[in-house]
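This report looks at a few helices and salt bridges in one protein model. Please keep the sequence and the structure in view while reading.

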Amino acid sequence: MRPDLFIAVVATALTLAPAALAAPRGLTLQDVNAAEFAKPGAKTSQALNIKAQVLLDRASFSPGTIDGRHGENFANALRAFQQQNGLNASGELDAPTWSKLAQDAAPALIEYTISRADVAGPFTEEIPNSYEKKAALKRLDYTGPSELLAERFHMDEGLLEQLNRGKSFDEAGAVIVVANVNVKPVALTTKVGKVQVDKASNSVRVLAPDGKLLALYPASVGSEEKPAPSGTLKVVRVARSPTYTYNPDFKFRGVKADRTLKIAPGPNNPVGSVWIALNEKTYGIHGTAEPTKVGKAESHGCVRLTNWDALALARVVRKGTPVEFLD
């Protein structure tokens, strides 16, 4: 190659390099808040999925962890919302469903200033896997501000980080983008008639006395090892920030303990932030340390919700509320 051509090629490459190597623009608050349903059959964007998940969460039809993915929990939440509003219960986002959801005009994402309390702890830096090691801890708190903030705003930690690239979650005063979910659910001001646990769809439904659907939460319901009960039970009490007692007679897979273990409270406790006890010994509805697995992984016989959904349910049930298990 002629020297002058070689120099020209190198110069051109150097000129293009910054643009070619530039990182793609990240997802922004504006992208999500401006997202709108486009047309039937079109693949929904991550921004639109996030916005729809936030709107469903605020309507008391929980998609579980807000992550922008079109998974089964999201589809179940859409289907329940559609049923309640007399729409085609397809479990897919369509124009009529979007029109109804979008009547809630509050922004899906907002800015939040991290407070000193958010970063003060106490935190439990590492949560061991084994029940024996868990039982040695004085508390099973959040592992850090990132986990605390993700749970407060019902978000997947990965999505929280994606929306806040380059930002530190352990710095008081930092402004971050979060899901705007902490709005009092209107539906759950209505008196609750009963709770239904649907084993087939891995979901919990809250019904009014007249049978109207008030809320839906994704759930992990029992396992082959320890199936959930059948028939109708009743709520006997609600314990917030509960301890957890492991009985060696349970013989859970992967637990080798041959003695009773008492595990301290905290959001990373095996039953999470709240325990709704039922009138059959050892069974209840409770939170979890792993919200992203709700509806996707089995439970030890009980009904496992995200901590925030379990707390929402705990606020509206009372002693004697029927809990019907549907096979």
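## Salt bridges and buried helices

Asp 104 is partly exposed, with a relative accessible area of 29%. Here buried means under 20% relative accessible area, exposed means over 50%, and partly exposed lies in between (1.4 Å probe, protein chains only). The model is predicted: local features need pLDDT of at least 70 and side-chain atom pairs count only at pLDDT 80 or more, while totals for chains, interfaces and linings use all residues. Residues are numbered from 1 along each chain as its sequence is written, and side-chain values use heavy atoms, with hydrogens and water left out.

The side chain of Asp 104 meets that of Arg 58 in a salt bridge, at 2.9 Å from N to O. Arg 58 belongs to helix H3 (residues 46-58) and Asp 104 to the loop between helix H5 (95-101) and S1, so the pair ties together parts that are 46 residues apart in sequence. Arg 58 is buried, at a relative accessible area of 8%. A salt bridge is counted when a side-chain nitrogen of Lys or Arg is within 4 Å of a carboxyl oxygen of Asp or Glu. By this rule there are 9 salt bridges. The table gives some of them.

| Pair | N to O distance |
|---|---|
| Arg 58 and Asp 104 | 2.9 Å |
| Asp 118 and Arg 152 | 2.9 Å |
| Glu 290 and Lys 293 | 3.1 Å |

Asp 118 and Arg 152 form a salt bridge. This pair links distant parts of the chain, with Asp 118 in helix H6 and Arg 152 in helix H8, 34 residues apart. Asp 118 is buried, with a relative accessible area of 2%, whereas Arg 152 is partly exposed at 31%. In the pair Glu 290 and Lys 293, Glu 290 is partly exposed at 42%, and Lys 293 is partly exposed at 40%.

Helices (H or I, at least four residues) and strands (E, at least two) are DSSP runs, numbered from the N terminus. In helix H8 (residues 145-152), 7 of the 8 residues are buried, so the helix is largely enclosed by the rest of the structure. Among the buried residues are Pro 145, Leu 148 and Leu 149. The buried residues of H8 pack against strand S1 (109-113), helix H6 (116-120), helix H9 (157-163), strand S2 (175-179) and H10; contact means heavy atoms within 4.5 Å. Just after H8, His 154 has a positive phi of about 60°.

Helix H10 (residues 307-316) is mostly covered, with 8 of its 10 residues buried. These include Trp 308, Leu 313 and Val 316.
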